[in-house]
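Student: I have a structure open and would like to learn how to read it. Could you take me through some of its features?

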Amino acid sequence: MRKNGLLLCMSVLLILACVTQVFAAGADKKDAATGAAGKTLTVWVYDNGRIDVLTEIGKQFQKKYGIPVQVSLVDLGQIRTQFLLASGGAECADLAIIPHDNLGALVENAAVLPINLGAKKKNYLAPAIEGFMYNGKLYGVPLAVENIGFFRNTDLVPKAPATWDEMVAIGTDLVKKGKCEVIMGFPDATYNSYPFFTSFGGNIFGKNADGSLSPDKIEIANAGMVQGLELMTSLVKKGLVPNAIDWDAAHVLFESGKAPFIMTGPWALNRFKTAGVHYAITPFPAAKKGGKPGAPFLGVQGMIISASSKQALLAQAFAVEVIATEASMQAIYKAEQRPSAWKSISASVKDADSTGFAAAGVNAVPMPSIPAMGYVWDSWVSAAALSFSGKKTPQDALLNAKTQIETQIKAKK
Amino acid sequence: MNRFLRLFYVGVFVFLGSFLMFRLIRDGFYPLAVFVGACVVFGTLVFLRKALTPYRWMAVGIALAVLFTIYPIVYTVFLSFTNMSGGHLLTKQQAIQRILEQKYIPEDAITYSWSAYKNPAGEYLLLVFDADGNGFVARPGKALEPKGPLEEPPAELDGYAMIDMVEAVQRIDEIGKIEFGAAPEALTIQSLGEAAVSKPAFAYDEKTDTFSDVVSGTTYRVNRGTYVSDAGEGLSPGFMVNIGLGNYTRFLGNDGYRKPILEIILWNIAFAFFSVLFSFALGLTIAIAFENLPGKRVIRSLLIIPYPIPVLVSIMVWRALLNERMGLVTSGLSSLFGSSPHFFTEVGWTRFAIVLINVYLSYPYFYILSSGALKSIPKELYEAADIDGAGPLVTLRSITLPMLLRILGPLLIASFSFNFNNFTLVWGFNAGLPAMADTIVPMGHSDLLISFIYRLGFNTANAADYGFSAAITVMLFILVSLMVFFQTINTRAMKETA
């Protein structure tokens, strides 16, 4: 008797569980069909500073169209995974903000939808749009851009050097006089040192005929990259730059006036201000007089639409008609204080730090967003380390890096 | 009463478990669903069968161990036989569906601006305008009707009322699903401002399992989880397939991996061994030295301080101390001797520093253990040894160590296994650098196997290669298991002889 009751109880519960599921699934379907009342747009942001402003913009959207916009903070790695796996049933937002270098993997997995910005494209900085282009299509509404700048200690160096040679001369002089210990510390030998390489014509990936980057054309060992690494290595060998790459130590050297120069990004401003060091941000030096100044990487942050969104057109309407407007872009700029990707806002900014970064980033190149870039960083780090320690010549070190990258790309194919 | 309460709880448990299971099945996580199901069945049986009563105390623990230890191991082994990686994350069905969803707009196609109209029956039609302002009425399934140049869209059209902007936005996805116009040239809404003819870019043939490009006619065939054309162009996304031992042969069959990995393995074993040896030796020495001294409590409290400080913080402090230019240790050494070791750029010194930091981090643990264990050694043994005329070294070797090892042996093995995978220390100190020269993937001289795997599998961000990393992890798992197994046998032998 007792056992039967038990069985009965269990079966009832099992059936109940099933029914709940069916019911829930039914409710999902209903949502999609009932129009305004049942709809919500969800937006994921990975940066705390953007939640309030986007929520505010969302409220205006709701007032006008009756569709609430829910903005939530989600870790960037999580955004990436959920977008990639979304059609595997994972929960996913309709829209998300990402740094553009994550775009390639998302496009290659068909996890994002192209966006048609139409005539609004021309309101944006060209490199910002370029950052969100992939295989000739635009996949994001750019919001902010970010690049590193060339910092100098204005107490020690009144006038910005125009070439690396000038920089080395000024620095060597200061070291000899005992005013400084080194010329600069490299926060890293890759991202923050990229202008060294680009000023000589360095590049990471070559381009296909249609202008997209090709993982089969690895240029990390081209003449410009080698010359850049040779310059950096010679500075290290002469003791003008610390041998060990240490992010913090490089910043401390600059803050404490022990190094007159540093190449770093907006994230270092706070600590420099706290330390009370007098600095100015200028374009990077060039390889030779009258040459092109070194170009940093450009990071673009923008809004993308999930390919698994059940309301993709609505999401696109939100991104294009609401976000890509001067008013919203202005509000976003005010809230996050990152250089805006919107041309007129970017041009209207007057404070010295922002104009300095903008000037340093005039020729910035969007960081490659093809997935193969993931293989580049560690090999690049190794190449620099091998070259600095003298175990390999700069050229051999970079050729080694090239082989490593090729091997990994090939292994995956 | 009690019984009913229990039934009620078990019912709630089964209900929640089944709910979770159904969700997992719905979302396609079948293996995990099976494991959750097994746990639910196990839990139910344990609480309802008299014979299994003793298991009640352990049921939760066993279920958690299955879900969080056994399942990940099984899943890693499963992954190691697949090509799962960036670009190969989806199942075949999902990938096919995503490729089919890709649309293209023919190059000569006209894009129209549109206004939508709705009749009381809830049917829609579009009034579309080309760039010259010519209007067309587009109804589902019928060819476009030219309306001639129109200034403004009328408020009403053939009994259909125009929907305003607000409603258009609200219903855009509903309207977007409708094809307006006759079949091959049907219009769909592309955005709030545009409607255009858009067609699927690829057609799928189920019989031959191939895709063909609608425009160029190129055929794409399945090859290791990607549809590839004869020219080698792949369609994205790819999908996850079983590639058998592919990942294992890729690793074992390649000199480029094998040789440097041998160095990593040797260093890995040496690192774990010396870390345990030195920190145990130091901890034990302090424990013996201070056993009978006054002020022992104060010293003990002081020595334990490094223990509760988060490891990452300690590592950062050590990084700063050993910094090659500004570090306290290095600048002190160079002012004394004129030069100081390069703790970050020279292989030997980097390894030395890592072991040093590890000893600093773990000797308090061994100090606490040893000072406790020392008390359990009968004093009579020492008295007897004293009478027999044994010196302190002899008593240490023949009494203290054997007695201690009996107690601490298993802990030493556990500590060895932990250090074998001490990712935090190695990655936090120098990220595995200095770099090895001439390797086919980036490797560092201070890399442990685990940090090497991490770099390969996860530090490549979007190019992550999970299948391959899983294969190396499985091999590492086997290696560590074997070592622990033999050590355990040794310890047992030691215990029996002792």
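Tutor: We will go through a helix, a chain contact, some hairpins and a sheet. Keep in mind that this is a predicted model.

Student: Let's start with helix α1 of chain B: how many residues does it have, and how far does it reach?

Tutor: Helix α1 of chain B covers residues 2-26, which is 25 residues. From first C-alpha to last it reaches 36 Å, close to the 36 Å expected at 1.5 Å a residue.

Student: Which residues in α1(B) are buried?

Tutor: Those are Val10(B), Val14(B), Gly17(B), Ser18(B) and Met21(B). A residue is called buried here because 20 or more other C-beta atoms lie within 10 Å of its own. Just past the helix, look at Gly28(B), where phi is positive, about 90 degrees.

Student: How do I read the contact between the chains?

Tutor: The size of an interface is often given as the accessible area lost when the parts come together. Here we can count residues instead: 61 residues of chain B are in contact with 63 residues of chain A. On the chain B side, α1(B) gives the most, with 8 residues. By class, that side has 26 nonpolar, 22 polar and 13 charged residues.

Student: Now the strands. In which sense do β3 and β4 of chain B run, and how many bridges join them?

Tutor: Strands of a sheet pair through backbone hydrogen bonds, either parallel or antiparallel. In this case, β3 (residues 124-129) and β4 (residues 134-138) of chain B run antiparallel, joined by 4 bridges. One pair to find is Phe129(B) with its bridge partner Gly135(B) in β4(B). Their hairpin has 4 residues between the strands, and Gly133(B) takes a positive phi near 90 degrees there.

Student: What does β4(B) pair with over 4 bridges in the antiparallel sense, besides β3(B)?

Tutor: The partner is β5(B), residues 145-149. Across this pairing, Val137(B) stands opposite Glu145(B). The hairpin of β4(B) and β5(B) has 6 residues between the strands, with Gly141(B) at a positive phi near 80 degrees.

Student: What is the strand order of the open sheet in chain A?

Tutor: The order is β10-β7-β11, with antiparallel pairing in this sheet of 3 strands. β10 (261-264) and β11 (279-282) of chain A are the edge strands, each pairing on one side only. From one strand to the next, the twist averages 30 degrees.

Student: Which helices lie across strands of that sheet?

Tutor: Helix α9 of chain A lies across β7 and β10, at about 135 degrees to β10(A). Helix α14 of chain A lies across β7 and β11, at about 35 degrees to β11(A).

Key
Residues numbered from 1 in each chain as written. Chains lettered and ligands numbered in written order. Predicted model: local features only at pLDDT ≥ 70, side-chain atom pairs only at ≥ 80, totals over all residues. Helix = DSSP H or I, 4+ residues; strand = E, 2+ residues; numbered from the N terminus. Expected span 1.5 Å × (residues − 1). Buried ≥ 20, exposed ≤ 12 C-beta atoms within 10 Å, placed from the backbone. Contact = placed C-beta atoms within 7 Å. Nonpolar A, V, L, I, M, F, W, Y, C, P; charged D, E, K, R; others polar. Pairing = 2+ DSSP bridges. Axes fitted to C-alpha atoms, helices over the stretch in contact; angles between N-to-C directions.
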